Amino acid sequence: AASDPGLVERARKAKEALGDRLFVLGHHYQRDEVIQFADVTGDSFKLAQQAAARPGAEYIVFCGVHFMAESADILTGDAQQVILPDLAAGCSMADMATFDQVEEAWEILEDAGVADTVVPVTYMNSSADIKAFCGRHGGTVCTSSNAKRALEWAFEQGEKVLFLPDQHLGRNTAVLEMGLSLEDCLVYNPHRPPSAEELRRAKIILWKGHCSVHGRFTADSVDDVRRRIPGVNVLVHPECKHEVVLKADHVGSTEYIIKKLAEAPAGSKWAVGTELNLVKRLGQMFPDKSVSFLDKTVCYCSTMNRIDLPHLVWALESLVLGEVVNQITVDADTTHWAKVALDRMLALP
Ligand code: 13P
Ligand code: SF4
C-alpha cells in the first residue's frame, strides 16, 4: 500500500530539521514506507558498522530489530544515542537463547568435562548479554556472511564449538561449507540437555533456536517452485532448514541475495527464500528479471514490520522537540565483553 502522504511529509520535515545530527539505518527487511527514509540500508552487520562510522550523528534511529540496535549501541561512542522506533520489535530467534539458559548450558559442559575445549560462537541475531558471554569465554560473533570464517577460527582455538542461537545457520555452515558430517552436529535443547557422553562425542553443539520466518520454507516449497517455474534459480538465506538449503542453487545473507540478483542476466528467473518485504523490493529493483517468493504463503517478519511509518514519525518528531524516546542502552560491563567478541569477529582474516 502507498504510504500516507501526510506522514511522509511529517517524516521528511523532521529529518530536514534534524539534519546531520540524525542518521537513519534501515535493515533490508523493513517496510518500503520506512526504508524510503533510511540514509543507509544493509544487513545487520553492515548497519552496526555504519552506525560506528558516523561519530558526528547524535541520534541513530535504527529501523530494524532490538539486537541490531543493541549492537549499534555497543559499537558507537557515549555521545551517540540509539533509538528503536518500537520497543516491541524483537527477534524471536534471539529470544530463544536467554543468558540464564546459556550459563546453565556452560555448567553442563563443565560437568561433562568438555567446557575447556569448547569455543562459543554466537550469530549476530542474539542479545548483547549472549555476545558478552562469548567474549568472556574466548569466543566470537558471526553474521550470515562470515559464519564459515568464524567457525574456522573457533576450531583453531578449541576442539568443539557451541553455536548460538540458530541451529540452521550453524548446521548449514558446518556441513555444507566445512565438510563436517551431520553426526558431528548435536542439537542442544535447553529444556532437555544432552548427556555427557553425547556432548563428548559432538564436534559442534547447535543451540536449538531457529527463525520462524525462514522456518516456513520446506523442501516441498523448492520442488513445487521448480515445477511451477521451469528453469528457476532458487536462492535462499542460510537460516533456512538444512534440507531446503540442500535443494537450493545458491545460499547467502541478505546482502549476498541482493548482489546475486543485481549480477543476474536479464530475463533470468529467481525464487527467493527470505523475508517478503525484501523479496518484493527485489522485484521492483530488477524489473528485467523475474523474481518470485519461494513459498505460496505470505511470510513477513512480524517484529521487523512493527517499525512502521507512524512509529518512525513519532520517534523523529520527538527528537525535533528535544525528547529522546525508546533509547537502547547496553550497560558498561556487557558492552565491554560484547565488544571483545565483536572485535574478534572484525579481526577475522
Ligand atoms: P542478515 O544479517 O543476512 O541481514 O540477516 C538478518 C536477519 O535477521 C535474517 O533473518
Ligand atoms: Fe529474527 Fe527471523 Fe525476523 Fe530475522 S527474520 S529478525 S531472524 S525473526
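Which helix does Phe-155 lie in?

**View 1. Phe-155 and its helix.** Phe-155 sits in helix α7, residues 147–157; helices (H or I, at least four residues) and strands (E, at least two) are DSSP runs numbered from the N terminus. Phe-155 counts as partly exposed because it has 18 C-beta neighbours inside 10 Å (buried means 20 or more other C-beta atoms within 10 Å, exposed 12 or fewer, partly exposed in between, with C-beta atoms placed from the backbone). Its C-alpha atom is 8.9 Å from that of Val-118, 37 residues apart along the chain. This is a predicted model: local features need pLDDT of at least 70 and side-chain atom pairs 80 or more, while totals for chains, interfaces and linings use all residues. Residues are numbered from 1 along each chain as its sequence is written, chains are lettered from A and ligands numbered from 1 in the order written.

**View 2. The open four-stranded sheet.** Its strands run in the order β11-β10-β12-β13, with parallel pairing (a pair needs at least two DSSP bridges). β11 (250–251) and β13 (290–293) are at the edges with a single partner strand each, so one side of each has no neighbour in the sheet. Further in, β10 (residues 233–236) and β12 (residues 269–273) share four bridges, and Asn-233 has Trp-270 as its bridge partner in β12.

**View 3. Around ligand 1.** The shell, meaning residues with a backbone-placed C-beta atom within 6 Å, includes His-28, Asp-43, Cys-211 and Glu-239. By class, it has one nonpolar, seven polar and two charged residues (Ala, Val, Leu, Ile, Met, Phe, Trp, Tyr, Cys and Pro are nonpolar, Asp, Glu, Lys and Arg charged, the others, Gly among them, polar).
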